[in-house]
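Student: Could you take a close look at one part of this protein for me? I'd like to see how it sits against the rest of the fold.

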Amino acid sequence: MQKIGIVGSGLMGSGIAQVTAQSGVEVLLADQDSDSLDRALAQIGKRLARLGEQGKLNEDIDVIQERIQASSDLDRMAEADLVIEAVSEKESLKRSLFEQLDALCPPSTVLASNTSSISITNIASATKRPDRVVGIHFFNPVPLMPLVEIIRGAATSDETSAAVTRFAEHLGKTVIHAKDSPGFVVNRILIPFLIEAIFALESGVASREDIDKGVTLGLGHPMGPLTLADFVGLDTLLSICEVYQREFGDPKYRPPVLLRRYVAAGWLGRKSGKGFYEYPNGNA
Ligand code: CAA
């Protein structure tokens, strides 16, 4: 893989761009929102500067940054060997993007989705190359979390799965393989855990601080579940619950009313400055 296209410059897209550029591979980062692209480049610059100060980079920051070309023009994805989609967790949005990418990119290009819960088979059916569509699921913060899940849709070929596995390993990530089932491995387990913490808060079992302390100190997790929910994004969490409800048809995945209200209020967690906690300095 000589050149990687990334569509979507939010938290995940910018993290994937950073680690890809650090690994020596060219990146085309596309987003129709040019402010989001500017924020992504600034954030990557800050993180690289911090790594540079700590002596953790073996190249000049400028060399790494120059590997990332930002563009609001989706057509440029035709230059990439692999395109990774990292847009919002909405199936209709992803399907329409994959349809456009399929029309734009040469037949050899692999199209991958960083979806956390949506079926790869459903996304692939929007294209004429379902054998070259695959899931590559990173974890937030991408530069720090060592795992990548690779998900095969019904028609994904062995070659496609092997190619993205090699790419993730080239980034220094450890790969696990999962079937195309909602939430794959990690979110299948994580989301009910986060939801249960919100139900506990909603029903007054304990304060937000004590729920989080219970899990950090009692279970040794780096973040309590309400802090982690804010970190993941409450809108993303709600979208994932809705996918589970639809796909499994099991009421155990129903989203708490409190979560719906927070999202309706625009309290989306860290990225909006407020969720279960307040973040006066934003996500920086
Ligand atoms: N991006 C990049 N670097 C970050 C960062 C971010 N968002 N947040 C913190 N860091 C860096 C800090 O700069 C700091 O680096 P230095 O040591 O160089 O200063 C280092 O990480 C440690 O930071 P802190 O001391 O502030 O905080 P910490 O020790 O609590 O570590 C953490 C932060 C690594 C995020 C840790 O709290 C953690 O592992 N939390 C759990 C994260 C997690 O579960 N992620 C998965 C979410 S689920 C998901 O992503 C899947 C999905 O589809 C929903």
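Tutor: Among contacts (heavy atoms within 4.5 Å) with a separation of 6 or more, 65% involve residues 24 or more positions apart. Keep in mind that this is a predicted model: local features need pLDDT of at least 70, side-chain atom pairs count only at pLDDT 80 or more, and totals for chains, interfaces and linings use all residues. Numbering starts from 1 along each chain as its sequence is written, and side-chain values use heavy atoms, with hydrogens and water left out.

There are 11 helices and 8 strands in the protein; these are DSSP runs numbered from the N terminus, with helices being H or I of at least four residues and strands E of at least two. The radius of gyration is 19 Å, close to the 19 Å the globule rule gives for 284 residues, so the protein is as compact as a globular protein of that length. That radius is taken over C-alpha atoms, and the rule is 2.2 Å times the number of residues to the power 0.38. The C-alpha trace spans about 55 × 45 × 30 Å along its principal axes. Of the 284 residues, 48% are buried, where buried means under 20% relative accessible area, exposed means over 50%, and partly exposed is in between (1.4 Å probe, protein chains only).

S5 pairs with strand S4 (residues 82-85) in the parallel sense, over 4 bridges; to count as a pair, two strands need at least two DSSP bridges between them. Within that pairing, Val83 sits opposite Leu111.

Thr109 counts as buried because its relative accessibility is 1%. Skip the neighbours within four places in sequence, and Thr109 is in contact with Ala80, Asp81, Leu82, Val83, Arg129 and Arg132.

While you have the model open, compare a buried helix. Helix H9 (residues 225-232) has 6 of its 8 residues buried, so it is largely enclosed by the rest of the structure. Those residues are Pro225, Leu226, Leu228, Ala229, Asp230 and Phe231. They pack against helices H1 (11-22), H7 (186-202), H8 (208-219) and H10 (234-248). After H9 comes Gly233, with a positive phi near 110°.

A couple of backbone spots are worth a click too. Most residues other than glycine have a negative phi, and most peptide bonds are trans. Phe184 has a positive phi near 55°; the residue lies in the loop between strand S8 (174-178) and H7, and at 6% relative accessibility it counts as buried. The peptide bond from Asn140 to Pro141 is cis, with omega near 0°. You'll find Pro141 in the loop between strand S6 (133-138) and strand S7 (147-152).
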